[in-house]
Amino acid sequence: MDLQTLTYLFVGTTFSIYIAIAIWARAGSTKDFYVAGGGVHPVANGMATAADWMSAASFISMAGMISFMGYGGSVFLMGWTGGFVLLAMLLAPYLRKYGKFTVPEFIGDRYYSKTARVVAVICLIICSVTYVIGQMKGIGVAFSRFLEVEYTTGLLIGMCIVFFYSVLGGMKGITYTQIAQFCVLILAYTIPAIFISLNLTGNPLPQLGLGSTMNGSETYLLDRLDQVVMDLGFNQYTTDVRLSGINMFAYTMSLMIGTAGLPHVIIRFFTVPKVRDARSSAGWALVFIAILYTTAPAVAAMARLNLIDTIEPTKGEYLVYDERPQWFKNWETTGLLQFEDKNADGRIQYSNDAASNEMVKVDNDIMVLANPEIAKLPNWVIALVAAGGLAAALSTAAGLLLAIASSISHDLLKGMIAPNITEKQELNASRIAMAFAIAGAGYLGYNPPDFAAGTVALAFGLAASSIFPALMMGIFSKTINREGAIAGMIAGIGVTLFYVFQHKGIMFVASTAFLGDMEPNWFLGIEPNAFGVVGGVVNFSVAIVVSRLTGAVPAKVQELVEHIRIPMGASTAQDH
Amino acid sequence: MSQMTDEQIKAYWSRNVSLMVKLLAVWFVVSFGFGIILVDVLNQFQIGGYKLGFWFAQQGSIYCFVVLIFVYTSRMAALDREFNVEED
C-alpha cells in the first residue's frame, strides 16, 4: 500500500477509536465532567497523565531541539520529568485530599479570598491558552504534511474530534481517550527509534544503543557523532553547554516547577480515588513519560548522525542536489528544509559556517517527523508517526481545554456570578464553556497571534512564578495569608513578564521591546525562557514578607491546612 | 482525625517532611548536581559509550526520578499505617 493510503488508514482507525470511547464514556454529572467520577485507577490515570503531559512539543519538537543543542538539550529532559517528583511530594496528594474540582478553587479557599481565586483563574487561563495554541498548530501541520489536506481543514477536523469527546464526556471522556492516545503515541515514538537503533548499533533498545558502538566498528556512536559535528565546525555534541551552567540550572528549575504548577496536569490527580493513589499515580505517569523521554536523546543523536551521513556520505564527498532523496524533496515543499547552492557546484555543503553552509534551514521538527524516512523505514512506520503526532497534540489540547472550561464554569460562574445554579445547569454551562474554548483555540490556531512562537515557554514561566508557589505555600505554611499570596502571585508574574517582554516585546510584538539598550540575558546571563524560577523566588519572598506585615491566618483556614496534610477522611471532604 | 492528638499530628507531619527533604536532596544531586554542576568532573568517566555526566543529564536522572517517587509512595504508605491515618 502506498504511504498516503496507509496514513489515512492509521489516522482514520485511531480517530474512530477516540469517537467510540467518547460515546461510551458520556458524563452524567458535574463530578463525571470535572474529575471523571473520581474513580480512575492510579495506573490508568498515570497513562492518561502521560498523554495529557506529552504534547506536540514533546513528541515532535523535543528530540529535534536536543539534536541541535546536544548536551544543552538536557534541560528539557530533566526539566520536564523532574517536575513530577515535585508534584508527587509537594502538591498532588494534598490537593487530592482537599478533594475539590479545580486549582483556583483551592487557592480561593486556602487564602479565603475571591480575589485570590480570580487571580488564579487569570493565571490559569493565560497559561493554558498560550499552551493550547501550540497544540492546534501541531494538529494543522501534521494534517497538512501527512494527509496533504489544507492546514485549515486539518485544524477543523481536529477541533471536531476534540469537541466530540470532550463536550460529551468531559474529564471522563478525556481520560479514556487519553489512555488510547498514549498507546498510539508511545508506539509511534518507540518503533522507529528501535529500528534506527538496530540499524546503527545492532542494539534494539535505543537507551542502550546510544551508549553502544556503531555497527561493524569499534567506535562508540557518541564519539563518532562528536567527531562529525566538530568536523563541520559545531561544538562537541556531548558537552555543548546551553549559554552557561547558571542558565542551564535556571532553565531546568523553571521547567520543573512550571511542570508541577500546570493546572491541566494537576487536575488529573483529582480523578483518583485516594490520597495514596495520587502519590503512586504520579510515579506511574513518570514511568510512562520516561519511556519517551529516555528514548528521545537516542532519537536526537541518531537522527543528527543520519542527517549528516545522508548529506556527506563520505568525508568531503557531498550529496549531489539532483540526487537528493524523496524525503528531502517532500520537506522542501513544506519550507521546513531549505537548500541554497551558494558555490553553485550542485552539491549540498553543510557546516556551522554561515557563509558556506548551504542547508540554510533545517527545522527542529523535521528530526522526528522525517526521521523514519531519513532512515529508510517502511511506509507503515511513517504512517504511524503521523497518527502518533496527532494523538500527542489532541490529548494535550483536550486536557488544557478542560482546565479552561472548568475554571470558567466552576470558578467564575458557579463560584462567583451565579452560586445558586443547579448541578444540571452547571453541567450544561461547562459544556458550553468547553465548546467556546475549542472554538477560541481553533481560531487562535488558524490565526496565530504574533506571540505564538514564544508561548509555551511563557506558560511554564507563568506557572512557575505564580501557581506553583501559591499552592506549595498553601500546603506547607500556615502563616501565609491572603494579602501575602495575592501580592506574591502578582509580583512573581510581574517580574517574569517584565523580563520576557523586555527581551521580546510586549506580548511578543518585537517593536515594543523596551529598554532595548540593555544587553541580552542581562540578569546573571539567564535567557527569558529560563526566568520562571526567578519569578518563583520573588513570589515566595514577597508572600513571606507581606504575610509577616499583615494579619494572621484565620483559625478555620489553619484547620483546613491541618486537614489536607493527613490522608484520613478524604471522602467527607469531597461533599459539595 | 479526631482520635489523633496534636502531638501525633505534628509527629506524622515532621516525619513526612523529613522523608521528603531527604528524597528531594537526592533529586537535586542526580539532576542539578551530577547533570549540571559536576558534569565536567563526571565526564572524565565513561559507562559504555556514554560520558558519565552526559548520561546523568540525559538518562540517569530520569531513572532516579521514577525510583524516588515510588520510594516516597511506599514509605508514606508505611507511615500512614503506623499512624493509622489510612483512608479506609
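Helix α3 of chain A, spanning residues 42-53, is made up of twelve residues, and the distance from its first C-alpha to its last is 16 Å, close to the 16 Å expected at 1.5 Å a residue. The model described here is a predicted one. Ten of the twelve residues of α3(A) are buried, so the helix is largely enclosed by the rest of the structure. The buried positions are A:Pro42, A:Asn45, A:Gly46, A:Met47, A:Ala48, A:Thr49, A:Ala50, A:Ala51, A:Asp52 and A:Trp53. The cover over these residues includes four helices of chain A, namely α8 (151-201), α12 (263-266), α13 (275-311) and α17 (379-417).

Elsewhere in chain A, two further helices can be followed as a pair. Helix α11 (residues 245-260) packs against helix α21 (residues 532-549) at an angle of about 65 degrees, and their axes are 7 Å apart. On the α11(A) side, the contact is made by A:Ala250, A:Met253, A:Ser254, A:Ile257 and A:Gly258, while α21(A) brings A:Gly532, A:Val533 and A:Gly536. Sorted by class, this contact holds four nonpolar and four polar residues, with no charged ones.

Attention now turns to where the two chains meet. Here 45 residues of chain A are in contact with 38 residues of chain B. On the chain A side, the elements giving two or more residues are α5 (74-98), α10 (221-231), α11, α13 and α22 (555-564). Of these, α13(A) gives the most, with twelve residues. By class, the residues of chain A that touch chain B divide into 23 nonpolar, 16 polar and six charged.

Chain B itself has three helices and two strands, and from the N terminus on these elements run α-α-β-β-α. Its radius of gyration is 18 Å, whereas a compact globule of 88 residues would have one near 12 Å. Along the principal axes, the C-alpha atoms of chain B fill a box of roughly 55 × 20 × 15 Å. Of the 88 residues of this chain, 36% count as buried. Among contacts in chain B between residues at least 6 apart in sequence, 51% join residues at least 24 apart.

Conventions: Residues numbered from 1 in each chain as written. Chains lettered and ligands numbered in written order. Predicted model: local features only at pLDDT ≥ 70, side-chain atom pairs only at ≥ 80, totals over all residues. Expected span 1.5 Å × (residues − 1). Buried ≥ 20, exposed ≤ 12 C-beta atoms within 10 Å, placed from the backbone. Contact = placed C-beta atoms within 7 Å. Axes fitted to C-alpha atoms, helices over the stretch in contact; angles between N-to-C directions. Nonpolar A, V, L, I, M, F, W, Y, C, P; charged D, E, K, R; others polar. Rg over C-alpha atoms; globule rule 2.2 N^0.38 Å.
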